[in-house]
Amino acid sequence: MTIYNIYIFDKSGILLFYQEWNRLKQSGMTREEEAKLMYGMLFSIKSFVSKISPTDIKEGFLCYKTSKYALHFFETPSGLKFVLNTDIHSQGVRDVLQQIYNQVYVEFVVKNPLCRLSEPIQSELFKSKLDAYVKQLPIFSAKSI
Amino acid sequence: MADETLFELLHLEIVNYVLENNEIKNKEKEAKDEDLSVIEYIGFSTGFRIIERLTKEMPRFKDELDTMKFICTDFWSAIYKKQIDNLRTNHQGVYVLQDNGFRFLTRLSNGKQYLEAAPRYVAFTCGVIRGSLANLNINCLVTAEVQNMPSCKFHIQVQRS
C-alpha cells in the first residue's frame, strides 16, 4: 500500500505544491502542462458528475480507480483542491486528505505570515511536515508493489 | 481554542500593517532598516497593563530574581501557553530567557529559512516584557536574538540608576 504523489491547487487553478514519493513513470510533459491538464480534468469531471447525478448530490466527485492506481480528490470550502494518487488497496484516504489540510496546510501555510496564499508554497517547514506526516501513515510504505 | 489562533493571526496582521504604513511614509527616504519601534511600543503598553491583571492576587516579589522567575513561568504560560525553557543571569542585572518553541516562530520555519523576517515577530514580545517589568518598577532594555527558529533568546538588561 503506498502513496505515489500529491498535488495542491488553489481556487484559480494555480499549482501551489507538488511532491512525489514513489512515481515510477513520468508523463512526458513539463510540470506546468501536467498541472493544467490535471486541473482541467478535475473541473470537467466535477461538473459532469453533478450534472449526470441521478439523485441529490452530497459531495460530488471523490476518486477514480484504475487497475494500477487510484486518484483521490478533496476540495475545501475555500476552493483549495488536494489530489492524492495512491495504489488501489489504500483505505481511508479521504480522512488522510482532510488531516493534511487541517494539520499541515492550515498550521504551516495559512498561519505563516511569509507565505502568500495564492503563490506556490516555498516554506521548507511545510515540506518537511508534510513529508513526516505522509511517511507515518499506515498506508505508506517505501517499497512499491 | 479559537482565541489562540486569533491572537497569532492578529499579531501577524499588526506587524504587516505597521510595516506597510512605514513603506508608505518612507517613500522618499531610503529606509533600509525596518522601523519596529511602533510594534515594540504597542507591546510595551500591552505589557504594562496586563501585568496588573496577572498579578492582582499575588504578594510583592522578594527580589528581582523572583520577578524574573515569575515572568518565565506564570506570565509566559498565560500568554504563550508554555514556560520559558532556560533562564540565565549574571546576577549583575543581565538576564537571558530562552524559549525553544516561541509561539510566533514555530509556523515560520524549522531552521534558517526566513531568518531575516524573524525580528519583526519578536519585537512585540520584547515590548511586552519591557512594559510588564516597568510596571513592576524594574526599568530595563529588552532585545531578542534568533539564531535557529523556532528557538529565541530574550536579553534583559536592568538599568539601575
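Gln83(B) sits in the loop between helix H3 (64–80) and strand S1 (86–89) of chain B. Helices (H or I, at least four residues) and strands (E, at least two) are DSSP runs, numbered from the N terminus. This is a predicted model, in which local features need pLDDT of at least 70, side-chain atom pairs count only at pLDDT 80 or more, and totals for chains, interfaces and linings use all residues. Residues are numbered from 1 along each chain as its sequence is written, chains are lettered from A and ligands numbered from 1 in the order in which they are written, and side-chain values use heavy atoms, with hydrogens and water left out.

Gln83(B) is partly exposed, because its relative accessible area is 43%. The classes are buried (under 20% relative accessible area), exposed (over 50%) and partly exposed (in between), with a 1.4 Å probe and protein chains only. Setting aside residues up to four places away in sequence, Gln83(B) touches Cys72(B), Thr73(B), Trp76(B) and Ser77(B). Contact here means heavy atoms within 4.5 Å. Gln83(B) and Ile156(B) are 73 residues apart in sequence, and their C-alpha atoms are 17 Å apart.

Lys81(B) lies in the loop between H3 and S1 as well. Lys81(B) is partly exposed, with a relative accessible area of 49%. Its phi is near 60 degrees, a positive value in a residue other than glycine.

**Another positive phi**

Most residues other than glycine have a negative phi. His91(B) is not a glycine, yet its phi is positive, at about 60 degrees. His91(B) belongs to the loop between S1 and strand S2 (94–99) of chain B. With a relative accessible area of 62%, His91(B) is exposed.

Where is Asn112(A) found? Asn112(A) is in the loop between helix H2 (93–110) and helix H3 (124–135) of chain A. Asn112(A) counts as buried, because its relative accessibility is 1%. Leaving aside neighbours within four places in sequence, Asn112(A) is in contact with Ser123(A) and, from chain B, Arg107(B), Leu108(B) and Tyr114(B).

**The nonpolar cores**

In soluble globular proteins, nonpolar side chains tend to be buried together. A nonpolar core is a set of buried Ala, Val, Leu, Ile, Met, Phe, Trp, Tyr and Cys residues joined through side-chain atoms within 4.5 Å. The largest such core has 71 residues. Those with the most contacts inside it are Phe82(A), Tyr105(A), Phe126(A), Phe102(B), Leu105(B), Phe154(B) and Ile156(B). A second, separate core has 12 residues, including Tyr7(A), Tyr18(A), Tyr39(A) and Leu71(A).

What does Tyr105(A) touch, not counting residues up to four places away in sequence? Its contacts are Leu16(A), Leu80(A), Phe82(A), Ile100(A), Val110(A), Leu117(A), Ile121(A) and Phe126(A).

**Each chain as a whole**

Chain A has three helices and five strands. Along the sequence they follow the pattern β-β-α-β-β-β-α-α. Chain B has four helices and four strands. From the N terminus, the order in chain B is α-α-α-β-β-α-β-β.

The radius of gyration is taken over C-alpha atoms, and the globule rule is 2.2 Å times the number of residues to the power 0.38. For 145 residues, a compact globule would have a radius of gyration near 15 Å, and the 15 Å of chain A agrees.

Of the 145 residues in chain A, 42% are buried. In chain B, 43% of the 161 residues count as buried. Among contacts in chain A between residues at least 6 apart in sequence, 51% join residues at least 24 apart. In chain B, residues 24 or more positions apart account for 61% of the contacts with a separation of 6 or more.

| Chain | C-alpha span | Accessible surface | Carbon and sulfur share |
|---|---|---|---|
| Chain A | about 45 × 35 × 30 Å | about 8,300 Å² | 55% |
| Chain B | about 50 × 35 × 30 Å | about 9,400 Å² | 50% |

Accessible areas come from the Shrake-Rupley method with a 1.4 Å probe, and for residues only the protein chains shown count as cover.

**Charges**

Lys and Arg count as positive and Asp and Glu as negative, while His and the chain ends are not counted. Each charge is placed at NZ of Lys, CZ of Arg, CG of Asp or CD of Glu. Chain A has 18 positive and 14 negative side chains, with the centres of the two sets 2 Å apart. Chain B has 20 positive and 22 negative side chains, with the centres 4 Å apart.
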